[in-house]
Amino acid sequence: MSDIINILPDSVANQIAAGEVVDRPASAVKELLENALDAGASEIQLIVKDAGRTLIQVIDNGCGMSDADARLCFERHATSKIHHADDLFSIHTMGFRGEALASIAAVAQVELKSRQKDNDLGTQIIIEGSDVKEQLPCTCPIGTSIAVKNLFFNIPARRNFLKKDSIELSHIEEIFKRIALPNFKVSFSMYHNGRLLYDLKSSNFAQRIAGIFGKNFNERLYNIQEKTEPVSIYGYVVKSEYVKRTRGEQYLFVNGRFIKHPALSSSIERAYSELIPDRTFPSYFVLLEVDPARIDVNIHPTKTEVRFLDENIIFAILRAATKKALGQFSLATELEFNPSTEIDFTPAPKGYVAEQPKVSFNPNYNPFHSSRTKSSADTDMYKHFFDNIDKSGDEKNDIPEQLPLYEEPEPQPKSTLSETTPINYQNRYIITTMKSGLVVIDQQRAHERILYERLLAERENGIVAQQLLFPINVRFTAADSELLNELLPELKRLGFIIAPLGQNTFVVSAAPAKVSDKDIQNLLEQTINDYKNSMLQKFSDRDKSICLSIARQMATKNGTPLKSEEMQGLIADLFSCQAPNISPSGKKTMFILTEQELAEKFK
Ligand code: ADP
Ligand code: MG
């Protein structure tokens, strides 16, 4: 038999390895930004075109490379950052594997220019699919510029697999934030298709957070700080009233590196238990410093996972520090966010003509009439209805939206609905009796159902928008702004009058009557977030997903005490819904115990 094994050429080996390191434009961005930091840059510029498909360029003013190093850096396992296996336990740089540039060069057209400070001339290299096309001396500033063009030009399958630009861009932005946040002393800017999205000057951590997430973040956070032997902790955690229903801004860093660590995250989240509603999550920005010898960052090639030697102690300290921040500062210490006396007023871009917002209203709306088409009804009807309720107990997500409908009943006064004065148990459940038995209602889910159906029905006529006394400006990340632009027509039908001002800022001049001014930014952020998630889950009906999101945010939360009339009103409204027994997200809103079932229990 002849020999059949051969060694793969470097270009092929690199392309295979590239799959691990560069799976989308954002991962190339991560590697290039990390290299710029490792080069000691104090200013880093990121330039992206077409969400990274056409161009990703990182320009730094770091140490630069010699002619020979500029050639060598594209070889696999070429690194200046470690020399021996022992060095793995004292890593102070972001990179150390020497894989990134080799991988990127295997799947793109790369142009590198670099100059060290003692040299008058720099060096320029053009490399394409691992092939060095040319290397020439050139004039260029001190530091390094690497332009990655046409990523995956030689792997069409992977190129076609890229998501649409708004999604790829939001991945890039996320990486940019993860790197810019902990390195607040370094100036960063980011451009997309010629537009400046971020311009972050050298600052402190709090200012960097505000620079990325908007100035209104300063009222939302408490400082957290703790210096101990195994770990030192510094950062900010959100006040309990600003928690979100999704894990939004959760940033944990170890020695300047963004990490995902479910156990550490839950140490922070547990500090909030009992302070915040179920299934809500705090935002946090926490920097941990740990002796590099006592962590292992080498367990995953993309390096967002780490292992700690003193895991349990670190969890406990982090949790205690968070608790302390939440308790100690709840009486009003604000952040040191560069207190500024300027009013935060974003000037309108040239050519923007301010328009008197048009407020639409429904001329048939009568506030003294319940606007429901099917109003509260006679209790016998519910007996029939309750037969449809799944009494098996478990929550189901796949309950059909439409339940068998009952006949249009004669309107009845609301008070006939529950036979006794309802009780608000734990400020969460409404307990009442009806002909068919003892009814227990989850107040939040019930209210979500009511609002959801109301929003869906009323958007047809246009919801009554209320003009704000003072229009408010809201600001989002670039990717979120693009999404918000897409959502403006739907939001208008739901009673929000929002106009773009440019630079990721919008002015809200009207909102539905029940939304308070201070909730608007949060509500829109959450709606965009939910919309992103629904896009990922291919939720097809955009209108419905927005109504659902807004209903959830406007609903009375568990833990809110309700007056007797409020409970009566809620019960009546719930039972005039089309699908009263499930929340819009498919959870049970109530259950009923019949007299027989009770009797059973006492047997
Ligand atoms: P690693 O960062 O793991 O060492 P890379 O492939 O990312 O591997 O980079 C290889 C080497 O190229 C680095 O170790 C460094 O010496 C050099 N290098 C890469 N980018 C830069 C830069 N922006 N400035 C100076 N040197 C750089
Ligand atoms: Mg690197």
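## A first look at this protein and its ligand

In the protein chain, 72% of the contacts with a separation of 6 or more are between residues 24 or more positions apart, where contact means heavy atoms within 4.5 Å. This is a predicted model, so local features need pLDDT of at least 70 and side-chain atom pairs count only at pLDDT 80 or more, while totals for chains, interfaces and linings use all residues. Residues are numbered from 1 along each chain as its sequence is written, chains are lettered from A and ligands numbered from 1 in the order in which they are written, and side-chain values use heavy atoms, with hydrogens and water left out.

**The chain as a whole**

- You'll find 16 helices and 22 strands here; these are DSSP runs numbered from the N terminus, with helices being H or I of at least four residues and strands E of at least two.
- The chain has 603 residues, and 50% of them count as buried, meaning under 20% relative accessible area with a 1.4 Å probe, protein chains only.
- Its accessible surface is about 30300 Å², with 52% of that belonging to carbon and sulfur atoms; such areas come from the Shrake-Rupley method with a 1.4 Å probe, and for residues only the protein chains shown count as cover.

**Helix α2**

- Among the buried ones are P25, V29, L32 and L37.
- After α2 comes G40, with a positive phi near 75°.

**Q444**

- Q444 belongs to helix α11, residues 443-458, and is buried at a relative accessible area of 14%.
- Neighbours within four places in sequence aside, Q444 touches A555, T556, K557 and N558.
- A polar atom of the Q444 side chain lies 2.9 Å from the backbone nitrogen of N558.

**Around ligand 1**

- There are 18 residues around ligand 1, and N35, T79, S80, K81 and G98 come nearest (a residue is near if one of its heavy atoms lies within 4 Å).
- An oxygen atom of ligand 1 is 2.5 Å from a side-chain N or O atom of T79, and the S80 side chain likewise has an N or O atom 2.5 Å from a ligand oxygen.
- On its own, ligand 1 exposes 530 Å², and the protein buries 93% of that.

How values were computed: A polar contact is a pair of N or O atoms within 3.5 Å; within protein, one must be able to donate a hydrogen and the other to accept it, and residues adjacent in sequence count only if both atoms are side-chain atoms.
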